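Work through the exercises below with the model open. Each task is followed by its solution.

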Amino acid sequence: MLRNFLLIFVFVLFTPLSNADARKYIRIVGSSTVFPFISFIAEEFNRVFSFKTPVVESIGSGSGFKMFCSGIGEDTPDITTSSRPMKEVERELCKRNKINEVIEIIIGYDGVVIANSNQSHRFDFTKKDLFETLSAYSQENDKLVKNNKKFWSNVNQALPKTEIEIYGPHQNTGTYETLVNSIMLDQYSCMNSRIFKENYKDQEERKKACGNIRDDGRYIEVGINENVIIQKLKSNKNALGIFSFSFLMRNQDKIQGSTIAGIEPTYENISSGKYILARPLYLYIKKEHLDTVDGLREFVKEIIDSIGIEDGYLSRLGLIPLSSEDIKKASAKVYDVFLF
């Protein structure tokens, strides 16, 4: 549920950094989607406080968790950001590396959008359209074959007869995982499909096959910098791109979001959960670093205060905020139990 606004899970032990390991600046890694919001908070933090500006690195959600969970000490990040929740295997990696207390906070919401130039046809997709476009497989004569659909009209005759060309997220990003989990692994489009069941009787093998995105050049993976996709759409009117809602908002003078099942990607539709590719955005704090890295405790407070400002600068950047009631409850829980 989108309104499960704050999740905190605490591992069992506490292993603080030694004073010798203390670092003089905060280090943050992770999601390219969350990067603009955290970077802006970092700049505001430096303007208001005497601490050094936190260093923020956009490396993708998956790489962020790997680096965050690599251990404790000045060579490891204090915070990682993500556009999807931490996986159990990542929590176990943290535990193995003596990171026993991790604080998880939802800072707001975002949506994955399928967009193109606003000088082109505006698409209205069904989930079935998206699956049949992106899947590595097609169904022909009751058999699974390699997806060879070249034109949008091959997917659905109501779509234009232009070549399929989609620039999308790298596999190591949370945006890619949202796309796979919400579209490719949908129980009606694939996991419960008769033909996929017949070809992949083992559920894990079927899950892998269902989540397999085509690699014939129609879907082009772009690195973690979503601005690259925006530039592709500006220069190529026939191309579509898949990226986060905040990038759409910052470029809406040149690009437009497609509707999915008739629902537009808007603040209201994402925050209400009507838009099927809505998702929370996460922040993970290494509690072992709180009292040994200069300014970390104060920076976390600045984050909590920033997400609590209605119509603040984060909203103007495209972050869809929590409700005011949920922010109050979340803040009180974090302040009282963990931080202040």
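**Exercise 1: The largest pocket**

The lining of the largest pocket holds ten nonpolar, seven polar and ten charged residues. This is a predicted model, where local features need pLDDT of at least 70, side-chain atom pairs count only at pLDDT 80 or more, and totals for chains, interfaces and linings use all residues. Residues are numbered from 1 along each chain as its sequence is written, and side-chain values use heavy atoms, with hydrogens and water left out.

Task: State the volume of the largest pocket and the elements that line it.

Solution. 
- Start with the terms. On a 1 Å grid over the protein atoms alone, a pocket is an open set of points with protein on both sides within 12 Å along at least five of seven lines, while a cavity is a set where a 1.4 Å probe fits but cannot get out; lining residues have an atom within 4 Å of a point.
- Volume is the space filled by probe spheres set on the points, and grid points are joined across faces, edges and corners.
- The largest pocket has about 660 Å³ of space.
- Among its 27 lining residues, Tyr176, Glu177, Val180, Asn181 and Leu185 are the closest to the centre.
- Two or more lining residues come from each of α6 (174-184), α9 (203-210), β9 (219-221) and β13 (278-286). Helices (H or I, at least four residues) and strands (E, at least two) are DSSP runs, numbered from the N terminus.
- Helix α6 gives the largest share, six residues.
- For the classes, Ala, Val, Leu, Ile, Met, Phe, Trp, Tyr, Cys and Pro are nonpolar; Asp, Glu, Lys and Arg are charged; the others, Gly among them, are polar.

**Exercise 2: Aromatic pairs**

Task: Which kind of pair do Phe245 and Tyr267 form?

Solution. 
- The whole structure has 14 aromatic pairs. Rings of Phe, Tyr and Trp (its six-membered ring) pair if their centres lie within 6.5 Å; planes under 30 degrees apart are stacked, over 60 edge-to-face, the rest tilted.
- Take Phe125 and Trp152 for comparison. Their ring centres are 5.4 Å apart and their planes stand at 45°, so this pair is tilted.
- Phe125 is in strand β5 (residues 124-125) and Trp152 in helix α5 (residues 152-155), 27 residues apart.
- Phe125 and Trp152 are both buried (under 20% relative accessible area; exposed is over 50%, partly exposed in between; 1.4 Å probe, protein chains only).
- Phe245 and Tyr267 are edge-to-face, at 5.3 Å centre to centre and 85° between the planes.
- Phe245 belongs to helix α11 (residues 245-250) and Tyr267 to helix α12 (residues 267-272), so the pair ties together parts 22 residues apart in sequence.
- Phe245 has 1% relative accessibility, so it counts as buried. Tyr267 has 24%, so it counts as partly exposed.
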